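Please find below my notes on this model, arranged as numbered points.

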Amino acid sequence: MDFQVNIIIDALPALLAGAKLTWYITLVGLAGGMAMGIAAGLGRIAGTQSLGAMPHGIFIPLTTALRYISSAYVELIRGTPIIVQAMFLYFAFPMLVKAGFGVERFRIDALTAAVITIMINAGAYIAEIVRGAVLSINRGLVEAGMSMGISRFTLLTDVIGPIAFRRMIPPLGNQFIISLKDTSLFIIIGVGELTRQGQEIMASNFRAIEIWSAVAIIYLIMTSVLAYVLKFFEKRMKIL
Amino acid sequence: MKRIIELNNVCKSFGHTEVLHNINLSIGQGDVVVVVGPSGSGKSTLIRCINCLEVITSGELIVDAIKIPEEMGRIREVRLEVGMVFQQFNLFPHMTALENISFGPRKARKLSTAEANETARELLDKVGLANFEDKLPRELSGGQQQRVAIARALAINPKVMLFDEPTSALDPEMIGEVLDVMKNIAKDSGMTMVVVTHEMGFASQVGSRLLFMDEGRIAEDGDPKEMINNPQSKRLKNFLGHVNTN
(Lines give C-alpha, C1' and ligand atoms only; values in the text may rest on other atoms or scores of the structure.)
Protein backbone atom coordinates (compact mmCIF):
# COMPACT_ATOMS: atom_id res chain seq x y z
CA MET A 1 0.00 0.00 0.00
CA ASP A 2 1.35 3.38 -0.86
CA PHE A 3 -0.22 6.29 0.96
CA GLN A 4 0.56 9.42 -1.06
CA VAL A 5 0.19 12.63 0.91
CA ASN A 6 0.38 14.76 -2.23
CA ILE A 7 -2.92 13.22 -3.40
CA ILE A 8 -4.54 14.77 -0.37
CA ILE A 9 -2.77 18.08 -0.90
CA ASP A 10 -4.02 18.20 -4.46
CA ALA A 11 -7.55 17.37 -3.37
CA LEU A 12 -7.56 19.78 -0.46
CA PRO A 13 -8.93 22.92 -2.20
CA ALA A 14 -11.96 21.00 -3.50
CA LEU A 15 -12.47 19.25 -0.16
CA LEU A 16 -12.28 22.54 1.73
CA ALA A 17 -14.78 24.09 -0.66
CA GLY A 18 -17.03 21.16 0.18
CA ALA A 19 -16.37 21.63 3.89
CA LYS A 20 -17.35 25.27 3.57
CA LEU A 21 -20.68 24.26 2.08
CA THR A 22 -21.13 21.68 4.85
CA TRP A 23 -20.61 24.45 7.41
CA TYR A 24 -23.07 26.68 5.63
CA ILE A 25 -25.83 24.02 5.51
CA THR A 26 -25.16 23.06 9.13
CA LEU A 27 -25.06 26.54 10.63
CA VAL A 28 -27.99 28.02 8.74
CA GLY A 29 -29.95 24.81 9.17
CA LEU A 30 -29.27 24.64 12.90
CA ALA A 31 -30.11 28.32 13.41
CA GLY A 32 -33.48 27.66 11.85
CA GLY A 33 -33.70 24.33 13.66
CA MET A 34 -33.20 26.06 17.02
CA ALA A 35 -36.00 28.50 16.24
CA MET A 36 -38.33 25.70 15.13
CA GLY A 37 -37.29 23.51 18.03
CA ILE A 38 -37.91 26.17 20.64
CA ALA A 39 -41.28 27.00 19.08
CA ALA A 40 -42.38 23.36 18.77
CA GLY A 41 -40.90 22.33 22.12
CA LEU A 42 -42.78 25.10 23.93
CA GLY A 43 -45.80 24.42 21.71
CA ARG A 44 -45.92 20.84 22.96
CA ILE A 45 -46.32 22.06 26.53
CA ALA A 46 -48.38 25.18 25.77
CA GLY A 47 -51.06 25.86 28.34
CA THR A 48 -49.54 23.56 30.95
CA GLN A 49 -48.36 24.42 34.42
CA SER A 50 -44.73 23.79 33.43
CA LEU A 51 -44.91 27.18 31.74
CA GLY A 52 -46.97 28.69 34.53
CA ALA A 53 -50.13 28.63 32.43
CA MET A 54 -53.65 28.76 33.80
CA PRO A 55 -55.61 28.57 30.57
CA HIS A 56 -59.14 29.86 30.61
CA GLY A 57 -61.73 30.88 28.01
CA ILE A 58 -60.41 31.08 24.46
CA PHE A 59 -56.91 30.01 25.55
CA ILE A 60 -58.04 26.45 26.23
CA PRO A 61 -58.77 25.47 22.59
CA LEU A 62 -55.91 27.66 21.39
CA THR A 63 -53.23 25.98 23.48
CA THR A 64 -54.73 22.56 22.79
CA ALA A 65 -54.40 23.20 19.05
CA LEU A 66 -50.80 24.33 19.55
CA ARG A 67 -49.97 21.15 21.41
CA TYR A 68 -51.49 18.96 18.71
CA ILE A 69 -49.77 20.78 15.83
CA SER A 70 -46.38 20.68 17.56
CA SER A 71 -46.74 17.00 18.43
CA ALA A 72 -47.77 16.11 14.87
CA TYR A 73 -44.68 17.89 13.52
CA VAL A 74 -42.32 16.15 15.93
CA GLU A 75 -43.81 12.70 15.34
CA LEU A 76 -43.86 13.10 11.55
CA ILE A 77 -40.21 14.14 11.35
CA ARG A 78 -38.87 11.75 13.97
CA GLY A 79 -40.77 8.92 12.35
CA THR A 80 -39.32 9.26 8.83
CA PRO A 81 -35.69 9.02 7.62
CA ILE A 82 -33.93 12.29 6.87
CA ILE A 83 -32.98 11.03 3.44
CA VAL A 84 -36.67 10.54 2.58
CA GLN A 85 -37.38 14.03 3.87
CA ALA A 86 -34.67 15.49 1.61
CA MET A 87 -35.92 13.53 -1.42
CA PHE A 88 -39.49 14.55 -0.71
CA LEU A 89 -38.61 18.21 -0.42
CA TYR A 90 -36.37 18.23 -3.48
CA PHE A 91 -38.36 16.02 -5.88
CA ALA A 92 -41.91 15.56 -4.61
CA PHE A 93 -42.68 18.95 -3.10
CA PRO A 94 -42.22 20.93 -6.38
CA MET A 95 -44.53 18.44 -8.12
CA LEU A 96 -47.14 18.89 -5.41
CA VAL A 97 -46.92 22.66 -5.78
CA LYS A 98 -47.33 22.30 -9.52
CA ALA A 99 -50.33 20.00 -9.14
CA GLY A 100 -51.89 22.03 -6.38
CA PHE A 101 -51.32 25.61 -7.50
CA GLY A 102 -50.57 25.19 -11.19
CA VAL A 103 -47.17 26.84 -10.80
CA GLU A 104 -45.22 25.44 -13.73
CA ARG A 105 -41.58 26.21 -13.08
CA PHE A 106 -41.47 25.91 -9.32
CA ARG A 107 -38.18 24.40 -8.23
CA ILE A 108 -36.18 24.25 -5.04
CA ASP A 109 -32.46 24.28 -5.65
CA ALA A 110 -30.53 21.50 -3.97
CA LEU A 111 -28.72 23.72 -1.46
CA THR A 112 -31.96 25.33 -0.24
CA ALA A 113 -33.55 21.89 0.04
CA ALA A 114 -30.56 20.74 2.10
CA VAL A 115 -30.75 23.72 4.47
CA ILE A 116 -34.51 23.37 4.92
CA THR A 117 -34.19 19.64 5.54
CA ILE A 118 -31.67 20.17 8.33
CA MET A 119 -33.84 22.94 9.74
CA ILE A 120 -36.98 20.83 9.85
CA ASN A 121 -35.22 17.65 10.92
CA ALA A 122 -33.08 19.14 13.69
CA GLY A 123 -36.05 21.24 14.80
CA ALA A 124 -38.06 18.15 15.68
CA TYR A 125 -35.30 16.69 17.83
CA ILE A 126 -34.45 20.05 19.41
CA ALA A 127 -38.16 20.41 20.28
CA GLU A 128 -37.88 17.35 22.48
CA ILE A 129 -34.66 18.65 24.02
CA VAL A 130 -36.38 21.95 24.85
CA ARG A 131 -39.45 20.21 26.24
CA GLY A 132 -37.34 17.88 28.37
CA ALA A 133 -35.29 20.75 29.78
CA VAL A 134 -38.35 22.82 30.65
CA LEU A 135 -40.09 19.84 32.26
CA SER A 136 -36.98 19.20 34.36
CA ILE A 137 -37.25 22.59 36.04
CA ASN A 138 -38.55 22.44 39.58
CA ARG A 139 -42.18 23.55 39.41
CA GLY A 140 -41.67 25.51 42.59
CA LEU A 141 -39.52 28.05 40.72
CA VAL A 142 -42.27 28.64 38.18
CA GLU A 143 -44.81 28.95 40.98
CA ALA A 144 -42.58 31.39 42.84
CA GLY A 145 -42.46 33.57 39.73
CA MET A 146 -46.20 33.28 39.17
CA SER A 147 -46.96 34.10 42.79
CA MET A 148 -45.13 37.40 42.37
CA GLY A 149 -47.31 38.45 39.47
CA ILE A 150 -44.52 38.03 36.92
CA SER A 151 -45.85 37.79 33.37
CA ARG A 152 -45.62 34.45 31.63
CA PHE A 153 -43.31 35.91 28.99
CA THR A 154 -40.87 37.30 31.56
CA LEU A 155 -41.04 34.02 33.43
CA LEU A 156 -39.99 32.29 30.23
CA THR A 157 -37.17 34.68 29.31
CA ASP A 158 -35.75 35.31 32.79
CA VAL A 159 -36.37 32.16 34.81
CA ILE A 160 -37.32 29.12 32.72
CA GLY A 161 -35.15 30.06 29.73
CA PRO A 162 -31.76 30.49 31.44
CA ILE A 163 -32.17 27.40 33.63
CA ALA A 164 -33.46 25.25 30.78
CA PHE A 165 -30.75 26.43 28.40
CA ARG A 166 -28.00 25.31 30.72
CA ARG A 167 -29.55 21.85 30.87
CA MET A 168 -30.05 21.73 27.12
CA ILE A 169 -26.38 22.11 26.24
CA PRO A 170 -25.28 18.45 26.44
CA PRO A 171 -28.14 17.04 24.33
CA LEU A 172 -27.90 20.03 21.96
CA GLY A 173 -24.24 19.14 21.43
CA ASN A 174 -25.31 15.69 20.34
CA GLN A 175 -27.92 17.05 17.96
CA PHE A 176 -25.59 19.66 16.42
CA ILE A 177 -22.99 16.99 15.68
CA ILE A 178 -25.59 14.60 14.28
CA SER A 179 -26.96 17.32 12.01
CA LEU A 180 -23.50 18.23 10.77
CA LYS A 181 -22.83 14.63 9.83
CA ASP A 182 -26.31 14.27 8.33
CA THR A 183 -25.37 16.87 5.71
CA SER A 184 -23.29 14.13 4.06
CA LEU A 185 -26.58 12.55 2.98
CA PHE A 186 -27.26 15.45 0.63
CA ILE A 187 -24.85 13.80 -1.74
CA ILE A 188 -27.99 12.15 -3.14
CA ILE A 189 -29.59 15.43 -4.21
CA GLY A 190 -26.35 16.68 -5.69
CA VAL A 191 -25.21 19.28 -3.17
CA GLY A 192 -21.46 19.76 -3.48
CA GLU A 193 -20.75 19.35 0.21
CA LEU A 194 -17.74 17.60 1.66
CA THR A 195 -18.78 13.99 1.08
CA ARG A 196 -19.83 14.72 -2.48
CA GLN A 197 -16.52 16.43 -3.19
CA GLY A 198 -14.69 13.42 -1.82
CA GLN A 199 -16.79 11.08 -3.92
CA GLU A 200 -16.13 13.06 -7.10
CA ILE A 201 -12.37 13.21 -6.59
CA MET A 202 -12.30 9.54 -5.73
CA ALA A 203 -14.22 8.71 -8.89
CA SER A 204 -11.54 10.39 -11.03
CA ASN A 205 -8.36 9.16 -9.29
CA PHE A 206 -9.52 6.02 -7.43
CA ARG A 207 -7.42 6.97 -4.37
CA ALA A 208 -10.01 5.81 -1.85
CA ILE A 209 -7.69 5.52 1.15
CA GLU A 210 -6.25 9.02 0.91
CA ILE A 211 -9.52 10.75 0.01
CA TRP A 212 -11.78 9.11 2.57
CA SER A 213 -9.15 9.51 5.29
CA ALA A 214 -8.96 13.20 4.49
CA VAL A 215 -12.75 13.54 4.42
CA ALA A 216 -13.08 11.74 7.74
CA ILE A 217 -10.47 13.98 9.37
CA ILE A 218 -12.12 17.14 8.10
CA TYR A 219 -15.46 15.99 9.56
CA LEU A 220 -13.72 15.21 12.82
CA ILE A 221 -12.23 18.69 12.95
CA MET A 222 -15.59 20.29 12.28
CA THR A 223 -17.44 18.26 14.91
CA SER A 224 -14.65 19.01 17.41
CA VAL A 225 -15.09 22.72 16.81
CA LEU A 226 -18.84 22.40 17.49
CA ALA A 227 -18.20 20.40 20.64
CA TYR A 228 -15.65 22.94 21.83
CA VAL A 229 -17.97 25.90 21.30
CA LEU A 230 -20.72 24.20 23.30
CA LYS A 231 -18.30 23.32 26.06
CA PHE A 232 -17.26 26.96 26.20
CA PHE A 233 -20.90 28.00 26.73
CA GLU A 234 -21.40 25.32 29.33
CA LYS A 235 -18.43 26.50 31.36
CA ARG A 236 -19.37 30.14 31.15
CA MET A 237 -22.89 29.68 32.52
CA LYS A 238 -23.58 29.70 36.22
CA ILE A 239 -23.94 26.10 37.27
CA LEU A 240 -27.52 25.27 38.17
CA MET B 1 -62.46 45.71 59.82
CA LYS B 2 -62.22 45.81 56.04
CA ARG B 3 -62.41 42.41 54.42
CA ILE B 4 -59.58 41.64 52.05
CA ILE B 5 -60.08 37.94 51.31
CA GLU B 6 -63.39 36.18 51.01
CA LEU B 7 -64.13 32.59 50.08
CA ASN B 8 -67.74 31.69 49.39
CA ASN B 9 -68.63 28.01 49.10
CA VAL B 10 -65.24 27.24 47.65
CA CYS B 11 -64.61 23.65 46.53
CA LYS B 12 -61.39 22.36 45.04
CA SER B 13 -60.93 18.96 43.44
CA PHE B 14 -57.91 17.27 41.93
CA GLY B 15 -59.38 14.81 39.46
CA HIS B 16 -62.11 13.03 41.33
CA THR B 17 -60.75 13.81 44.79
CA GLU B 18 -62.32 16.79 46.44
CA VAL B 19 -59.79 18.31 48.83
CA LEU B 20 -61.70 21.42 49.88
CA HIS B 21 -65.40 21.14 50.68
CA ASN B 22 -67.55 24.27 50.73
CA ILE B 23 -65.12 26.59 52.42
CA ASN B 24 -66.57 29.86 53.69
CA LEU B 25 -64.00 32.22 55.09
CA SER B 26 -63.49 35.91 55.32
CA ILE B 27 -60.24 37.51 56.38
CA GLY B 28 -59.96 41.12 57.44
CA GLN B 29 -57.13 43.53 56.79
CA GLY B 30 -54.36 43.12 59.36
CA ASP B 31 -55.49 39.66 60.46
CA VAL B 32 -52.78 37.12 61.21
CA VAL B 33 -54.52 33.85 60.49
CA VAL B 34 -52.71 30.68 61.44
CA VAL B 35 -53.91 27.53 59.71
CA VAL B 36 -53.20 24.18 61.32
CA GLY B 37 -54.42 20.67 60.77
CA PRO B 38 -53.29 17.16 60.04
CA SER B 39 -51.48 16.26 56.86
CA GLY B 40 -53.86 16.09 53.90
CA SER B 41 -56.45 18.31 55.52
CA GLY B 42 -56.28 20.89 52.72
CA LYS B 43 -54.28 23.65 54.44
CA SER B 44 -51.79 24.15 51.64
CA THR B 45 -54.46 23.86 48.97
CA LEU B 46 -56.47 26.53 50.76
CA ILE B 47 -53.70 29.12 50.63
CA ARG B 48 -52.58 28.09 47.16
CA CYS B 49 -56.13 28.85 46.01
CA ILE B 50 -55.94 32.34 47.53
CA ASN B 51 -53.24 33.49 45.11
CA CYS B 52 -54.56 31.33 42.30
CA LEU B 53 -51.71 28.84 42.09
CA GLU B 54 -54.68 26.48 42.13
CA VAL B 55 -57.87 27.59 40.44
CA ILE B 56 -60.93 26.85 42.55
CA THR B 57 -63.28 24.24 41.13
CA SER B 58 -66.47 25.95 42.26
CA GLY B 59 -67.58 28.77 44.48
CA GLU B 60 -66.19 32.26 44.57
CA LEU B 61 -62.94 33.81 45.73
CA ILE B 62 -62.67 37.55 46.27
CA VAL B 63 -59.25 39.06 46.83
CA ASP B 64 -59.04 42.83 47.21
CA ALA B 65 -62.38 43.18 45.36
CA ILE B 66 -61.25 41.01 42.41
CA LYS B 67 -63.65 38.14 41.85
CA ILE B 68 -62.43 34.71 40.77
CA PRO B 69 -63.47 32.88 38.59
CA GLU B 70 -65.55 35.78 37.19
CA GLU B 71 -62.44 37.87 36.49
CA MET B 72 -59.91 35.18 35.56
CA GLY B 73 -58.14 37.68 33.32
CA ARG B 74 -57.07 39.59 36.43
CA ILE B 75 -55.17 36.73 38.09
CA ARG B 76 -51.93 38.68 37.87
CA GLU B 77 -53.47 41.58 39.78
CA VAL B 78 -54.50 39.15 42.52
CA ARG B 79 -50.95 37.83 42.72
CA LEU B 80 -49.48 41.32 42.91
CA GLU B 81 -51.51 41.85 46.08
CA VAL B 82 -50.76 38.43 47.55
CA GLY B 83 -47.15 37.41 48.22
CA MET B 84 -46.26 33.82 48.92
CA VAL B 85 -43.51 32.04 50.81
CA PHE B 86 -42.98 28.35 50.11
CA GLN B 87 -41.81 25.43 52.17
CA GLN B 88 -38.93 24.77 49.75
CA PHE B 89 -37.90 28.48 49.46
CA ASN B 90 -37.87 28.27 45.63
CA LEU B 91 -35.29 31.00 45.15
CA PHE B 92 -34.15 31.45 41.57
CA PRO B 93 -30.86 29.55 41.57
CA HIS B 94 -29.18 31.68 38.90
CA MET B 95 -29.79 34.99 40.65
CA THR B 96 -28.04 36.48 43.68
CA ALA B 97 -29.98 37.28 46.84
CA LEU B 98 -30.34 40.89 45.68
CA GLU B 99 -31.43 39.90 42.18
CA ASN B 100 -33.98 37.47 43.58
CA ILE B 101 -35.55 40.26 45.61
CA SER B 102 -35.38 43.03 43.00
CA PHE B 103 -36.73 40.77 40.24
CA GLY B 104 -40.38 41.19 41.26
CA PRO B 105 -40.29 44.98 41.68
CA ARG B 106 -38.48 45.36 38.35
CA LYS B 107 -40.59 42.99 36.30
CA ALA B 108 -43.98 42.98 37.98
CA ARG B 109 -44.05 46.52 39.41
CA LYS B 110 -41.97 48.05 36.59
CA LEU B 111 -39.58 49.88 38.90
CA SER B 112 -36.18 50.98 37.60
CA THR B 113 -33.24 48.76 38.51
CA ALA B 114 -31.91 51.43 40.87
CA GLU B 115 -35.23 51.77 42.69
CA ALA B 116 -35.70 48.01 42.82
CA ASN B 117 -32.20 47.48 44.20
CA GLU B 118 -32.81 50.10 46.85
CA THR B 119 -36.02 48.33 47.93
CA ALA B 120 -34.18 45.02 47.87
CA ARG B 121 -31.34 46.31 50.06
CA GLU B 122 -33.79 47.70 52.60
CA LEU B 123 -35.56 44.36 52.75
CA LEU B 124 -32.32 42.40 53.03
CA ASP B 125 -31.44 44.60 55.97
CA LYS B 126 -34.87 44.01 57.48
CA VAL B 127 -34.43 40.23 57.34
CA GLY B 128 -30.91 40.55 58.77
CA LEU B 129 -28.94 39.69 55.64
CA ALA B 130 -27.50 43.06 54.69
CA ASN B 131 -24.09 41.60 53.83
CA PHE B 132 -25.38 38.76 51.70
CA GLU B 133 -26.64 40.57 48.62
CA ASP B 134 -24.15 39.00 46.20
CA LYS B 135 -24.60 35.44 47.44
CA LEU B 136 -26.25 32.83 45.27
CA PRO B 137 -28.97 30.75 46.94
CA ARG B 138 -26.74 27.67 47.07
CA GLU B 139 -24.23 29.65 49.13
CA LEU B 140 -26.83 30.35 51.82
CA SER B 141 -28.15 28.18 54.64
CA GLY B 142 -31.77 27.07 54.62
CA GLY B 143 -32.77 29.71 57.13
CA GLN B 144 -31.00 32.43 55.16
CA GLN B 145 -32.63 31.26 51.94
CA GLN B 146 -36.05 31.39 53.53
CA ARG B 147 -35.40 34.90 54.82
CA VAL B 148 -34.42 35.98 51.31
CA ALA B 149 -37.60 34.33 50.04
CA ILE B 150 -39.66 36.32 52.55
CA ALA B 151 -37.94 39.53 51.45
CA ARG B 152 -38.61 38.60 47.83
CA ALA B 153 -42.32 38.14 48.51
CA LEU B 154 -42.48 41.44 50.44
CA ALA B 155 -40.67 43.28 47.65
CA ILE B 156 -43.68 43.43 45.36
CA ASN B 157 -45.44 45.30 48.16
CA PRO B 158 -48.40 42.97 48.59
CA LYS B 159 -51.39 43.55 50.86
CA VAL B 160 -51.45 39.93 51.99
CA MET B 161 -48.65 37.47 52.70
CA LEU B 162 -49.20 33.73 52.50
CA PHE B 163 -46.79 31.31 54.18
CA ASP B 164 -46.95 27.65 53.20
CA GLU B 165 -45.18 25.76 56.00
CA PRO B 166 -42.23 28.18 55.92
CA THR B 167 -40.20 26.39 58.58
CA SER B 168 -40.97 22.74 57.80
CA ALA B 169 -37.92 22.21 55.61
CA LEU B 170 -35.50 23.86 58.04
CA ASP B 171 -33.08 22.44 60.55
CA PRO B 172 -34.35 23.09 64.10
CA GLU B 173 -31.75 25.74 64.90
CA MET B 174 -32.82 27.83 61.92
CA ILE B 175 -36.55 27.85 62.61
CA GLY B 176 -36.24 30.64 65.17
CA GLU B 177 -34.59 33.15 62.83
CA VAL B 178 -37.34 32.70 60.24
CA LEU B 179 -40.14 32.92 62.80
CA ASP B 180 -38.60 36.09 64.22
CA VAL B 181 -38.68 37.72 60.80
CA MET B 182 -42.32 36.70 60.41
CA LYS B 183 -43.21 38.03 63.86
CA ASN B 184 -41.63 41.35 63.02
CA ILE B 185 -43.65 41.61 59.83
CA ALA B 186 -46.85 40.88 61.72
CA LYS B 187 -46.11 43.38 64.47
CA ASP B 188 -44.46 46.23 62.59
CA SER B 189 -46.33 46.52 59.34
CA GLY B 190 -49.78 45.28 60.27
CA MET B 191 -49.57 43.00 57.24
CA THR B 192 -52.44 40.61 56.63
CA MET B 193 -50.94 37.14 56.94
CA VAL B 194 -52.19 33.62 56.39
CA VAL B 195 -49.71 31.14 57.79
CA VAL B 196 -49.84 27.37 57.43
CA THR B 197 -47.56 26.02 60.12
CA HIS B 198 -47.10 23.55 62.91
CA GLU B 199 -45.45 26.17 65.12
CA MET B 200 -48.12 26.62 67.78
CA GLY B 201 -45.89 29.09 69.63
CA PHE B 202 -46.09 31.41 66.65
CA ALA B 203 -49.86 30.98 66.59
CA SER B 204 -50.34 31.93 70.21
CA GLN B 205 -47.82 34.80 70.20
CA VAL B 206 -48.75 36.67 67.03
CA GLY B 207 -51.82 34.92 65.61
CA SER B 208 -55.06 36.85 65.78
CA ARG B 209 -57.04 33.87 64.61
CA LEU B 210 -56.53 30.13 64.40
CA LEU B 211 -58.16 27.85 61.85
CA PHE B 212 -58.14 24.14 62.47
CA MET B 213 -58.68 22.23 59.25
CA ASP B 214 -59.71 18.63 59.04
CA GLU B 215 -60.62 16.58 55.96
CA GLY B 216 -61.01 19.60 53.67
CA ARG B 217 -63.20 21.62 56.03
CA ILE B 218 -62.57 24.39 58.51
CA ALA B 219 -63.37 22.41 61.63
CA GLU B 220 -62.70 25.21 64.10
CA ASP B 221 -62.07 28.91 63.89
CA GLY B 222 -61.26 31.07 66.87
CA ASP B 223 -58.81 32.82 69.15
CA PRO B 224 -55.44 31.04 69.08
CA LYS B 225 -54.61 31.14 72.80
CA GLU B 226 -58.05 29.96 73.79
CA MET B 227 -58.09 27.14 71.25
CA ILE B 228 -54.62 25.94 72.18
CA ASN B 229 -54.97 26.20 75.95
CA ASN B 230 -58.51 25.00 76.11
CA PRO B 231 -59.39 22.91 73.07
CA GLN B 232 -63.04 21.99 72.93
CA SER B 233 -63.31 19.25 70.32
CA LYS B 234 -61.74 15.86 70.62
CA ARG B 235 -60.12 16.13 67.18
CA LEU B 236 -58.36 19.38 68.01
CA LYS B 237 -57.25 17.99 71.38
CA ASN B 238 -55.90 14.94 69.62
CA PHE B 239 -54.10 17.07 67.00
CA LEU B 240 -52.54 19.39 69.58
CA GLY B 241 -51.26 16.32 71.40
CA HIS B 242 -49.08 15.61 68.37
CA VAL B 243 -47.53 19.04 67.92
CA ASN B 244 -45.25 21.08 70.07
CA THR B 245 -47.40 23.82 71.62
CA ASN B 246 -44.60 26.01 72.95
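**Notes on the predicted model**

1. The largest pocket holds about 420 Å³ of space, where a pocket is an open set of points, on a 1 Å grid over the protein atoms alone, with protein on both sides within 12 Å along at least five of seven lines; grid points are joined across faces, edges and corners, and a volume is the space filled by probe spheres set on the points. This is a predicted model, in which local features need pLDDT of at least 70 and side-chain atom pairs count only at pLDDT 80 or more, while totals for chains, interfaces and linings use all residues. Residues are numbered from 1 along each chain as its sequence is written, chains are lettered from A and ligands numbered from 1 in the order in which they are written, and side-chain values use heavy atoms, with hydrogens and water left out.

2. The lining of the largest pocket comprises 20 residues, and those nearest its centre are Gly52(A), Ala53(A), Met54(A), His56(A) and Arg152(A); a lining residue has an atom within 4 Å of a point. Two or more lining residues come from each of helix H2 (59-78) and H6 of chain A and helix H2 (75-81) of chain B, helices being DSSP runs of H or I with at least four residues and strands runs of E with at least two, numbered from the N terminus. By class the pocket lining has eleven nonpolar, six polar and three charged residues, with Ala, Val, Leu, Ile, Met, Phe, Trp, Tyr, Cys and Pro counted as nonpolar, Asp, Glu, Lys and Arg as charged, and the others, Gly among them, as polar.

3. Searching the whole structure gives one cavity of 30 Å³ or more, a cavity being a set of points where a 1.4 Å probe fits but cannot get out. Its lining is made up of Gln49(A), Met54(A), Arg139(A), Val142(A), Glu143(A), Met146(A) and Leu53(B), which divide into four nonpolar, one polar and two charged residues.

4. At the interface, 24 residues of chain A are in contact (heavy atoms within 4.5 Å) with 31 residues of chain B. The two chains bury about 2200 Å² between them, 66% of it on carbon and sulfur atoms; buried area is the accessible area (1.4 Å probe) that two parts lose on being put together, summed over both.

5. The rule finds two salt bridges across this interface, each a side-chain nitrogen of Lys or Arg within 4 Å of a carboxyl oxygen of Asp or Glu. One of them joins the side chains of Asp158(A) and Lys107(B), at 3.4 Å from N to O. On the side of chain A that touches chain B, helix H5 (139-147) and helix H6 (152-182) each supply at least two residues, and H5(A) gives the most, with eight.

6. Two backbone features of chain B deserve a look. A cis peptide bond, with omega about 10 degrees, joins Ile68(B) and Pro69(B), and Pro69(B) sits in the loop between strand E5 (66-68) and H2 of chain B. Phe89(B), a residue other than glycine, has a positive phi near 65 degrees; Phe89(B) belongs to the loop between strand E6 (82-85) and helix H3 (97-107) of chain B.

7. Chain A contains eight helices and zero strands, and its C-alpha trace spans about 70 × 50 × 25 Å along its principal axes.
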